[in-house]
Amino acid sequence: MTAYTPPKVWTWDAESGGKFASINRPIAGATHDKDLPVGKHPLQLHSLATPNGVKVTVMLEELLDAGHDAEYDAWLINIQEGDQFGSGFVGINPNSKIPALLDRSSDTRVFESGNILLYLADKFGAFLPSDTKGRTETLNWLFWLQGSAPYLGGGFGHFYAYAPEPMEYPINRFAMEAKRQLDVLDRQLADHAFIAGTDYTIADMAIAPWYGALVRGDIYGEAATFLDAGSYSHVNRWVDAIYNRPAFQRGKMVNKAWGEESEQLRERHAASDFDTQTWDKIKPADE
């Protein structure tokens with residue numbers, strides 16, 4: 001393979017290739033005018049059921065299951081079609097990444113998935129310990145996920161599954177890091193029922209959509225086999241427990257636009273949107 005010599009000054013003169021090349025660009029801002037739809041609830045979520053999007057819909061469904069008044073409208077943002085570059089979406093997230101939340105009760109925009117979890121936890125007083133030590137430990141792991149997931153997704157996942165051609169060096173580099181991260185989780189979960197201790201928190205909701213999908217083989221093709229994900233027994237035990245939660249199963253469906261139709265709920269505006277006919281087709285995660 002011919003070695004690449006970087007130019008003195010990089011310029012954007014061609015797509016980089018790979019699955020998401022058509023939506024990658026080195027500039028920010030809106031590409032077109034498009035208002036966002038508005039539903040009846042104070043919480044307006046604009047998202048897609050990637051791991052980052054699932055974090056938030058799981059949190060909202062968990063809040064509802066816990067008895068909080070957290071009803072919400074969830075609108076689909078199709079990133080392959082460039083919805084994230086519409087003027088309305090850019091208005092609530094200038095970074096043009098899903099998910100983004102608008103709380104109409106206070107006219108507050110919230111972007112970055114970890115920050116949305118923290119905002120909702122504080123707003124409803126749920127899934128985040130109130131004592132300083134417990135809160136800090138939970139946020140340790142929330143921010144660990146926010147710093148680690150880009151290496152898993154943009155690093156390992158990209159070069160293993162999405163790059164135009166397989167390249168040994170980046171695959172090896174990021175496979176090593178992905179396995180190191182799994183080992184971090186496995187060691188923590190060896191002595192703890194949940195990530196931050198004995199209680200289920202926003203840290204679990206943030207981490208499970210990423211690393212749960214990885215060890216179950218739901219993302220990046222044969223990555224679970226490649227990384228020997230089954231050998232991380234404590235991670236797998238924890239993932240099974242999280243994935244069997246009804247709120248987690250519902251949250252995974254919201255704003256999903258691929259796969260089996262029975263597992264998709266492209267928009268969500270009421271609990272009744274999970275109609276009986278659709279819900280009966282969803283099997284528990286351990287079946």
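Leu182, Leu185, Asp186 and Leu189 in helix 5 meet a set of residues in helix 8, namely Ser233, His234, Val235, Arg237 and Trp238. This is a predicted model, so treat the contacts described here as features of a prediction. Two packed helices are described by the angle between their axes and the distance between the axes. For helix 5 (residues 168–189) and helix 8 (residues 233–243), the angle is about 75° and the axes are 7 Å apart. That angle makes helix 5 roughly perpendicular to helix 8, because values from 65 to 115 degrees fall in that class.

Helix 8 also takes part in a charged pairing. Side chains of opposite charge can pair when their charged atoms come close. Here arginine 216 forms a salt bridge with aspartate 240, with 2.8 Å between the closest N and O atoms. Arginine 216 sits in the loop between helix 6 (202–215) and helix 7 (223–226), while aspartate 240 belongs to helix 8, so the bridge ties together parts that are 24 residues apart in sequence. Arginine 216 is partly exposed at 27% relative accessibility, and aspartate 240 is partly exposed at 36%.

How many salt bridges does the count come to? The count comes to 12 salt bridges. One of them joins aspartate 65 to arginine 250, whose closest N and O atoms are 2.8 Å apart. This pair links distant parts of the chain, with aspartate 65 in helix 1 (residues 51–65) and arginine 250 in helix 9 (residues 246–253), 185 residues apart. Aspartate 65 is partly exposed at 46% relative accessibility, whereas arginine 250 is buried at 12%.

Another salt bridge brings together the side chains of aspartate 103 and lysine 123, at 3.0 Å from N to O. Aspartate 103 lies in strand 3 (residues 100–103) and lysine 123 in helix 3 (residues 113–124), so the bridge connects parts that are 20 residues apart in sequence. Is aspartate 103 buried or exposed? At 0% relative accessibility, aspartate 103 counts as buried, while lysine 123, at 38%, is partly exposed.

Aspartate 73, in strand 2 (residues 72–76), presents another picture. Aspartate 73 is buried yet has no salt bridge, and the nearest side chain of opposite charge, arginine 104, is 5.9 Å away.

Finally, turn to tyrosine 160 in helix 4 (residues 132–162). With a relative accessible area of 25%, tyrosine 160 is partly exposed. Leaving aside neighbours within four places in sequence, tyrosine 160 is in contact with Ile171, Tyr220, Glu222, Ala223 and Phe226. Among these, Ala223 and Phe226 fall in helix 7 (223–226). The C-alpha atoms of tyrosine 160 and arginine 187 are separated by 25 Å, and the two residues are 27 residues apart along the chain.

Methods. Residues numbered from 1 in each chain as written. Predicted model: local features only at pLDDT ≥ 70, side-chain atom pairs only at ≥ 80, totals over all residues. Heavy atoms only, no water. Helix = DSSP H or I, 4+ residues; strand = E, 2+ residues; numbered from the N terminus. Buried < 20%, exposed > 50% of the residue type's maximum accessible area, 1.4 Å probe, protein only. Lys, Arg positive; Asp, Glu negative; His and termini not counted. Salt bridge = Lys/Arg side-chain N within 4 Å of Asp/Glu carboxyl O. Axes fitted to C-alpha atoms, helices over the stretch in contact; angles between N-to-C directions. Parallel < 35°, antiparallel > 145°, perpendicular 65-115°, else oblique. Contact = heavy atoms within 4.5 Å.
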